[in-house]
Amino acid sequence: MVNWIWLGMIVISFWFAALTGRMEEVTAAAFSGAQTGVTVCLGLIGILVLWMGLMRVAEDAGLVQKLAVLIGPAVRWLFPDVPRNHPAMGYILSNLSANLLGLGNAATPMGIRAMQELQKLNPDPRTATPAMCTLLALNTASITLVPTTLIAIRLQFGSQNPAEIIGSTLLATAIATGAAIAADRWYRRRTGAPPYSAEPARKRPATFDHSAGSAEAPGRG
Amino acid sequence: MTAFLQTVSVWTIPALIAFIPLYAAFRRVPVYESFVDGAKDGFQTAVAIIPHLVGMMTAISMFRASGAMDALTGAVRPLLERLGVPGEVIPLAFLRPLTGSGSLAFVTDLIREHGPDSLIGRIAATIQGSTDTTLYVLTVYFGAVGIRRARYALKVGLFSDAVGFFAAVAACWWLFGAV
């Protein structure tokens with residue numbers, strides 16, 4: 001599905017540009033878009049390096065594992081195929097808590113660490129596991145208690161009560177997260193058959209070759 | 001409650017940066033070496049994301065510049081307006097999942113133009129605050145570990161964006177009332 005959206009956006013852009021005579025603008029936009037991609041990544045470097053370093057310290061001290069043991073039943077229910085004491089659980093919880101507190105900068109590196117741990121449990125490193133999809137769903141819906149940036153913007157433009165959007169935001173984000181979890185469950189149940197369940201996973205590396213990958217994903221996924 | 005939550009937001013990061021190494025030191029971890037060791041991965045991860053993000057950002061940027069985004073917005077306008085979505089807010093439905101900075105700029109502009117306490121301003125702020133940039137999250141998280149087949153993850157993300165969009169509009173109508 002990502003392939004189609006990407007290709008679709010580019011082809012439609014070209015077509016529109018041809019119709020509306022905006023070819024020059026689109027050329028400029030293509031280059032500036034590429035530039036933005038690099039700029040965003042460069043901006044991520046500092047944050048990623050800092051948090052990945054700190055999280056290694058936490059891991060060496062046993063904090064991440066401790067967090068994983070303390071995890072509530074809710075998170076375990078969301079990630080049934082991740083072993084209870086696996087470090088991935090600790091990172092998932094850190095990622096979700098950081099999102100909840102509105103610490104987007106801290107949430108991203110923690111989410112990436114969680115993905116890297118989940119990747120270790122993945123029989124086919126090029127295809128997302130159900131646990132990865134669940135983590136992604138929770139992050140795209142991103143439950144946030146305090147939308148700090150928006151409160152700041154409202155304050156800046158002279159709002160009478162800048163924080164009053166907390167209620168509506170919380171309501172909307174809770175509904176969106178609920179929808180994400182429900183949709184994720186539905187797809188997981190529909191497509192959760194082998195080779196993604198834990199059992200046949202162990203057999204997979206033996207048969208894994210170039211052709212095995214494409215055969216099992218007939219959809220656009 | 002708000003003040004308390006905002007204090008928590010401000011204190012959490014410095015407290016974590018201080019607490020984690022302190023706790024580790026008590027557990028006899030060589031904290032600085034351990035930090036540097038882990039930090040190396042951060043750089044590699046950031047570099048690994050670059051091709052993914054450049055590809056996405058290029059496509060999104062072209063899509064907006066070509067006028068295709070405006071056409072898409074225009075096409076769904078009559079339907080969404082009938083559902084109570086103010087016309088000014090509609091571009092957000094498409095901007096929000098594609099670009100975080102782009103939609104934030106758009107929201108800021110709406111708030112500046114219509115005022116932060118207008119229904120449009122409140123709806124825009126609520127939409128921006130209640131979901132994340134699905135395509136960016138997918139690109140960064142899956143790009144960092146080299147996942148090529150996202151399976152149903154994008155569908156779930158976009159579905160929850162759509163639900164979040166309408167929930168935000170409904171929540172604002174309900175909480176801030178008809179004008």
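1. In chain B, 62% of the contacts with a separation of 6 or more join residues 24 or more positions apart; two residues are in contact if their C-beta atoms, placed from the backbone, lie within 7 Å. A word on conventions: this is a predicted model, in which local features need pLDDT of at least 70 and side-chain atom pairs count only at pLDDT 80 or more, while totals for chains, interfaces and linings use all residues. Residues are numbered from 1 along each chain as its sequence is written, and chains are lettered from A and ligands numbered from 1 in the order in which they are written.

2. On confidence, chain B has an average pLDDT of 88, with 95% of its residues at 70 or above; pLDDT is the predictor's confidence in each residue, from 0 to 100. For the complex, the predictor gives an ipTM of 0.80 and a pTM of 0.78.

3. Chain B contains 8 helices and 0 strands, where helices (H or I, at least four residues) and strands (E, at least two) are DSSP runs, numbered from the N terminus. Its C-alpha trace spans about 65 × 40 × 30 Å along the principal axes. The radius of gyration of chain B is 21 Å, whereas a compact globule of 179 residues would have one near 16 Å (taken over C-alpha atoms; the globule rule is 2.2 Å times the number of residues to the power 0.38).

4. Now to helix α1 of chain A, residues 2–20: at 1.5 Å a residue its 19 residues should span 27 Å, and the end C-alpha atoms are 27 Å apart, which agrees. The expected span is 1.5 Å times one less than the number of residues. After the helix comes A:G21, with a positive phi near 65 degrees.

5. Which residues of α1(A) are buried? They are A:V2, A:M9, A:S13, A:F16 and A:A17 (buried means 20 or more other C-beta atoms within 10 Å of the residue's own, exposed 12 or fewer, partly exposed in between, with C-beta atoms placed from the backbone). These residues cover an arc of only 100 degrees around the axis, so they sit on the same side of α1(A); the arc is that of the directions from the helix axis to the C-beta atoms. On the other side, A:N3, A:W4, A:L7, A:W15, A:A18 and A:L19 are exposed.

6. The cover over the buried residues of α1(A) includes α2 (23–60) of chain A, along with α2 (31–65), α3 (68–82) and α8 (153–176) of chain B.
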